[in-house]
Amino acid sequence: MLINTEGIVLRQNKIANNRRLITLFTRSHGKIAAGTSINERAKGRAALAIRTFTFAEYDIYKGRSYFNINNADVKRSYYSIGEDIDRYVVASKLLEYVDKTTEEEQARPRLFDMTLEFMESITNAKGNYMTLLYAFIVKSLAFNGVMPELKQCVSCGKSLAELREEGGGKIRYFSVSGGGILCEDCYKRLDMRDASLIFKPDFDIVEVLDYFTRTPLSGFEKVSLKPSVSSELQRILSEYLKYYLDVDILGDRMSI
């Protein structure tokens, strides 16, 4: 069966007989691993289309248990990402995240469109790359069915308004294991052996996460977080991703 689909190159590996295995995130068939004899070093648009950070249209043959890229035509190459090491590192983390959180042959059109939006935005951004990555991750949590509870205490159900009142207008606790915000009383009743997954951020985490979900990615091209907020948010998101998605892409040293 022949397939024609748009796709984004997530990664590639050399395999036997001068062939390459390209991991594509496609609009119509989700993530697929497709072999190809196209030479990356050759001249022409087909060669460019098998490189990472490329959005292209692919002609793919689907066999019983394999895919093969017969031809490709580049629609947009984000080659400039590789010209800035900080931009490259963050964009590479984004592709890794998409790769690790998508199933084989499961179409994810909303995530696909948002990935393209991210590639455009990080290409246009002048710094602020980590803020863009955080925004993408937070938005994607809803797609993956693990969006934190931000409207009430995850333990007793106390409303957001009540939590703000008792916290002087600020949400004081966020529970990774509980999956959302936590009130003062429930925090005090916790077994402190679970405290490693409880955060007491210096910023209002509800406001920050709500802003990420409401604002288009292009809105973060010129917006950056304070270093202290970025560092703390990185720790929270890192633990959250590991706990719910078994994904670890936000290492302690990633502070671009």
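**Group meeting: an aromatic cluster and a barrel**

Hi everyone, let me start with one side chain: Phe174 has a relative accessibility of 2%, so we call it buried. Please keep in mind that what we are looking at is a predicted model.

So who sits beside that ring? Phe174 belongs to one aromatic cluster together with Tyr240, Tyr243 and Tyr244. Across the model, the count of aromatic pairs is twelve. Let me walk you through two of them.

As a reminder, a pair of aromatic rings is described by the distance of the centres and the angle of the planes. For Phe174 and Tyr240, the ring centres are 6.0 Å apart and the planes meet at 45°; planes under 30 degrees apart would be stacked and over 60 edge-to-face, so this pair is tilted. What I like here is where the two partners come from. Phe174 is in strand β6, residues 173-175, while Tyr240 is in helix α8, residues 227-245.

Is Tyr240 buried or exposed? Its relative accessible area is 4%, under the 20% limit, so Tyr240 is buried.

Tyr240 also pairs with Tyr244: their ring centres lie 4.6 Å apart with the planes at 40°, so this pair is tilted as well. These two tyrosines are four residues apart in helix α8, which means about one helical turn separates them. Tyr244 is partly exposed, with a relative accessible area of 28%.

Now, over to the barrel. Five strands form a closed barrel in the order β1-β2-β3-β5-β4, and the pairing is mixed. On average, neighbouring strands in this sheet are turned by 45° against each other, ignoring direction.

Take β3 and β5 as an example. Strand β3 covers residues 30-36 and strand β5 residues 67-77; they run parallel, joined by two bridges. If you want to find one on screen, look for Ala34, whose bridge partner in β5 is Phe67.

Two helices are worth a look here. Helix α2, residues 85-100, packs on the sheet and touches β1 (2-15), β2 (19-26) and β3. The direction of α2 makes about 115° with that of β1. Helix α3, residues 109-124, lies across β1, β2, β4 (54-62) and β5, and runs at about 60° to β1.

Definitions and conventions:
Residues are numbered from 1 along each chain as its sequence is written. This is a predicted model: local features need pLDDT of at least 70, side-chain atom pairs count only at pLDDT 80 or more; totals for chains, interfaces and linings use all residues. Side-chain values use heavy atoms; hydrogens and water are left out. Rings of Phe, Tyr and Trp (its six-membered ring) pair if their centres lie within 6.5 Å; planes under 30 degrees apart count as stacked, over 60 as edge-to-face and the rest as tilted. Buried means under 20% relative accessible area, exposed over 50%, partly exposed in between (1.4 Å probe, protein chains only). Two strands pair if DSSP finds at least two bridges between them. Axes are lines fitted to C-alpha atoms, for helices over the stretch in contact, and angles run from 0 to 180 degrees between N-to-C directions. Contact means heavy atoms within 4.5 Å.
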